[in-house]
Amino acid sequence: MDEPVIVVTRRWPAPVEDELTRRFGDVRLNADDVPLGAHGLRAALEYADVVLPTVSDRLPAELFEGELRTKFLGNFGVGYNHIDTAAAAKAGIVVTNTPRVLTDTTADTAMTLLLMVARRAGEGEREVRAGRWTGWRPTHMMGADVTGKTLGIVGMGRIGVALARRGHFGFGMSVVFYDPADFEPDHRIPGARRVGTLEEVLAVADFVSLHMPGGAENTHLIDAAALATMKPTAFLVNSARGDVIDSSALIEALRSGTIAGAGLDVYEGEPEIPQGLVELDNAVLLPHLGSATLETRTAMGMLVLDNLQDFLAGRDPSCRVA
Ligand code: DGY
């Protein structure tokens, strides 16, 4: 390929944009950071050799139909359920993602949500800022302890393991986990117990944290029946993908006291968030900040560049997913 035309769909951290333009001559950055939308993405697939999308770009099968110029999609992010990878592969496009570099940062976000919802931190902050705090009193805004409780992990991949380590070694939590995949997670956590079903984790955990991929296989895995299996004192944390939880069922469970609270970083149909969720004090809501540190977002971008460099040199990129 001569000088490839490269489209970056959103703004990237400055060091990565600088590196990209230093290495390549025809880079089309998105200086305004306005999402391209379906039309813009389709156009990019028609005129660019390389498209570098991210989680906020939807790339369903119909976008890959017909004549395309693109040969490489380098996703900025580990999750890629927003891309129909089978359709991309059929169109002859190589797809890569950015695993590993965001593991600790995302596990930190999950731990943040867990602590915030247990200790009512969002609610407390809202009270202080609104000038509604009337002072210390023994019964004010009592939360739940985290130390020594049972942490249930659903999806024991890299991020699940990193959260389990934080819970166990940092907060003395016992860990119980479920993963449908046929592999032995490298967790090295004394006493961590693997169970054979999702329900077994839900039934015993004081905190359930979700770490499986989004997409059809896990859509609404956590529905009304799953929520009813949890303890009424338990909390649910989701830093994976929004569609894993049926949000209507969750709102109902939070309203009725089926579970005690939820800490969420991701949503079905984000950035739209159901009003019912916004109104609930026992829900902590973050704007998909899982990997959002300067260091990690820079590392993610550099990994996209490594994948691209491999592809252009005729090597199989190490983070190839299709
Ligand atoms: C990912 O990489 O998939 C994250 O959701 C982005 O933070």
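1. Strand 6 (150-154) and strand 9 (207-210) pair in the parallel sense over 4 bridges, where pairing requires that DSSP finds at least two bridges between two strands; strands here are DSSP runs (E, at least two residues) and helices are runs of H or I of at least four residues, both numbered from the N terminus. Within this pair, the bridge partner of Val154 in strand 9 is Leu210. The model is a predicted one, in which local features need pLDDT of at least 70 and side-chain atom pairs count only at pLDDT 80 or more, while totals for chains, interfaces and linings use all residues. Residues are numbered from 1 along each chain as its sequence is written, and side-chain values use heavy atoms, with hydrogens and water left out.

2. Strand 9 also pairs in the parallel sense with strand 10, again over 4 bridges, and Ser209 stands opposite Val237 in strand 10. From strand 9, Phe207 and Ser209 point one way and Val208 and Leu210 the other way, yet all are buried, that is, under 20% relative accessible area with a 1.4 Å probe and protein chains only.

3. These strands belong to an open sheet of 7 strands with the order 8-7-6-9-10-11-12 and parallel pairing. Strand 8 (193-194) and strand 12 (283-285) stand at the edges, each with a single partner strand, so one side of each has no neighbour in the sheet. Strand 8 is joined to strand 7 (residues 174-178) by 2 bridges, and Arg193 in strand 8 is the bridge partner of Val176.

4. Helix 4 lies across strands 6, 9, 10, 11 and 12, running at about 150 degrees to strand 10, and helix 9 (residues 247-256) lies across strands 10, 11 and 12, at about 140 degrees to strand 11. Such angles run from 0 to 180 degrees between N-to-C directions, with axes fitted to C-alpha atoms, for helices over the stretch in contact.

5. Helix 4 (residues 103-118) also packs with helix 6 (residues 158-171) at an angle of about 55 degrees, with their axes 8 Å apart. That makes helix 4 oblique to helix 6, oblique being what remains once angles under 35 degrees (roughly parallel), over 145 (roughly antiparallel) and 65 to 115 (roughly perpendicular) are set aside.

6. Away from these elements, Thr54 sits in the loop between strand 3 (50-52) and strand 4 (72-74), and counts as buried because its relative accessibility is 12%. Not counting residues up to four places away in sequence, Thr54 touches Thr9, Arg10, Asn75, Phe76 and His82, contact meaning heavy atoms within 4.5 Å.

Terms used
Buried < 20%, exposed > 50% of the residue type's maximum accessible area, 1.4 Å probe, protein only.
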